[in-house]
Amino acid sequence: MADDSVKSEASAQQENDNGGNKSSQKTVSSNGENAAENQTVSKSQKKKLLKQQKWEEERELRKQRRKEKKQQRRLQRTNHLEEQGGEAQHMRKRPRREVAPSSLRLVVDCSFDNLMLTKDVQKLHKQIQRCYAENRRALHPVQVYLTSLGGQLKQSMDKKDKGWVNWKDISIKTEHYSEVVAREELVYLTSDSPNVLEELDHKKAYVIGGLVDHNHHKGITFERATELGIAHAQLPLSSFVKMNSRKVLAVNHVFEIILAYLEKGSWQEAFFTVLPQRKGAVAVDQEKEEEDSDSDSDTPDQTEKRA
């Protein structure tokens, strides 16, 4: 019986020891896990977390500061205007020019729709938009006619500029220009015409060919005008301007040059106001001066050779 008691106590002691070891192992394991977690969060990450927490806590404070600054700026502007007696507000207003509409008529001939690629039709559409916009803000707006509208051009306008149906101060026709204006009043503006336009006749209607073809149909506007027996002329470009590129101008350039001429009364000023720099436009009188200057700087030998 004594031996059995001793064995029982020894067995209980062993179980206690094993339990203690297991508990110790769990504690070590738990501490290890915590240490691992602490190791995964770096110092820089801790700083970011603290910074983010501080940012969130101060959100309302920043909002209040912005509100106070906005109110302060508004109060300063109000005080400034009161001190100036309203003069500052008056100075911001643009002086309104007195518009004097012109009786001159400009017609954009859109009968070349079938000769253009889709991308060129879209370019023509943009040029017509520019003409309309420039005429609306011109000092002497002209009477505008858009004739032979249909096909690709109308599709482009319907798709990309649905507001065109509400355009003001413009006559949009599906008919040919010769059916809209009397033929004896028409003058087709084409660079191929031998006639040079010196002055604008307000009793006439000047036709601009609505064609973007990169010179694939050279001379076609002149041919059409001749076939219909319509007067034709070219702008006096060569008399005032020397250009690096061809003399054929975009629809909106011709349109804007005429608007500028009506305002300034000078072809040369009109040309250099409108023509883009890429055209390399130089005044004819300036070019002559440069040529004379080059001639004066020649040596006697060079002068003899030229003679």
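Asp-169 lies in the loop between α6 and β3, where helices (H or I, at least four residues) and strands (E, at least two) are DSSP runs numbered from the N terminus. The model is predicted, so local features need pLDDT of at least 70 and side-chain atom pairs count only at pLDDT 80 or more, while totals for chains, interfaces and linings use all residues. Residues are numbered from 1 along each chain as its sequence is written, and side-chain values use heavy atoms, with hydrogens and water left out.

Most residues other than glycine have a negative phi. With a relative accessible area of 59%, Asp-169 is exposed, whereas Ser-148, at 16%, is buried (buried means under 20% relative accessible area, exposed over 50%, partly exposed in between, with a 1.4 Å probe and protein chains only).

Helix α5 (residues 118-136) comes next. Its expected span is 1.5 Å times one less than its number of residues; for 19 residues this gives 27 Å, which agrees with the 27 Å between its end C-alpha atoms. Among its buried residues are Val-121, Leu-124, Ile-128 and Tyr-132. The cover over the buried residues of α5 includes β1 (105-109), β2 (143-147) and α10 (251-264).

Phe-112 sits in the loop between β1 and α5 and is buried, at 0% relative accessibility. Not counting residues up to four places away in sequence, Phe-112 touches residues including Tyr-188, Leu-211, Ile-220 and Arg-224, contact meaning heavy atoms within 4.5 Å.
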